[in-house]
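Please have the sequence and the 3D view at hand while reading.

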Amino acid sequence: MIRIIAAVLVLFVPVIASAQDSRPAQLTFKDIQGRYIRLSDYRGKVVLINFWATWCPPCRAEIPDLIRLQREYGSRGLQVIGVTYPPQKLAEVRRFVRKAKMNYPVGLGTKQTKLLFTPSESLPLTIVISTDGTIRDIIEGILLPEEFQQKIKPLLK
Amino acid sequence: MKSRSLIAAFLMIAFTSIGVFAVTKKSTIRVDGMKCSKCSGSVEKALKATPGVEKVEISLDRKEAVVEYDDAKVTEAKLREVINGTGFKAVEEKSGSQQ
């Protein structure tokens, strides 16, 4: 049991992040495929860190939209990253990601991961990181089309 | 003759007022599956962003959304559609009243 908990903790290791606009947000973690994801690797892109859970109806409802946004705006510099919160079983998340055909990286998060960005307990929760790596916005609840148009689209190429 | 003119004028004003003054309607919509306080905020957010919606109150205990809206701008059917779009299910109309 301890090994399983340790494995889950190792899977998602946030290094350091800043919720201040002036400093670049930093985050490093392994996605559910075991690949390392570093926020710094996406410098120059507009990154949406989407906190979600498989059991959360609004999170599930917005995933098709995030898949579509990644597909339509990926070439214009958009990168969606999914982070599950509260902690969930890896197998369950993998199953969901496969079934939903999510086209962006997904990792397992913890309360600490989320706290690096905001104390908000809303779900879903989307952190908008601008091209220079700083936190541009924190969107609580489902991402509305008008929010994308007003807050995210203007940041894209 | 004078009273007829007054009645006609009154009726004319009354009829034209229907189109001019919006009527605020209040609907209580039961929302199936809404039990998580972390995610119910999306229902409130989506409803408040809907043109014509004036006030939204969410009750997790009663699993319902009480919405006040301008029925010239939005219908209850549209409100249900908005709720369904947040991943929950608007089930039945409990009540509806005009203010």
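How many salt bridges does the rule find across the interface of chain B and chain A?

## The interface

Across the interface of chain B and chain A, the rule finds two salt bridges. In one salt bridge, the side chains of A:Glu147 and B:Lys45 meet at 2.8 Å, N to O.

The contact draws on 17 residues from chain A and eleven residues from chain B. About 1,000 Å² of area is buried between the two chains, and carbon and sulfur atoms give 64% of that area. On the chain B side, B:Lys38, B:Ser42 and B:Lys45 lose the most area to chain A, and together they make up 54% of what that side buries.

## An enclosed strand in chain A

Strand S3 of chain A, residues 46-52, is largely enclosed by the rest of the structure, because seven of its seven residues are buried. In a regular strand the side chains alternate between the two faces of the sheet. Both faces of S3(A) are covered: A:Val46, A:Leu48, A:Asn50 and A:Trp52 are buried on one side, while A:Val47, A:Ile49 and A:Phe51 are buried on the other.

## The neighbours of the strand

S3(A) pairs with strand S4 of chain A, residues 78-84, in the parallel sense over seven bridges, and within this pairing A:Leu48 stands opposite A:Val80. Together with helix H2 of chain A, residues 57-73, these two strands make a right-handed β-α-β unit.

S3(A) also pairs with strand S6 of chain A, residues 125-129, this time in the antiparallel sense and over five bridges. Here A:Ile49 stands opposite A:Ile127.

## Confidence

For the model as a whole, the scores are ipTM 0.81 and pTM 0.81. Chain A averages a pLDDT of 87, with 85% of the residues scoring at least 70, and chain B averages a pLDDT of 84, with 71% of the residues scoring at least 70.

Within chain A, confidence is highest in H2(A), at a mean of 97, and lowest in helix H1, residues 2-11, at a mean of 47. Over residues 5-20 of chain A, pLDDT stays under 50, although the model has 34 contacts beyond four places in sequence for them. Where pLDDT is low, the predicted coordinates should not be read in detail.

Note on methods:
Residues numbered from 1 in each chain as written. Chains lettered and ligands numbered in written order. Predicted model: local features only at pLDDT ≥ 70, side-chain atom pairs only at ≥ 80, totals over all residues. Heavy atoms only, no water. Buried < 20%, exposed > 50% of the residue type's maximum accessible area, 1.4 Å probe, protein only. Helix = DSSP H or I, 4+ residues; strand = E, 2+ residues; numbered from the N terminus. Pairing = 2+ DSSP bridges. Right-handed = clockwise from strand over helix to strand, strands pointing away. pLDDT = per-residue confidence, 0-100. Contact = heavy atoms within 4.5 Å. Buried area = accessible area lost by both parts, 1.4 Å probe. Salt bridge = Lys/Arg side-chain N within 4 Å of Asp/Glu carboxyl O.
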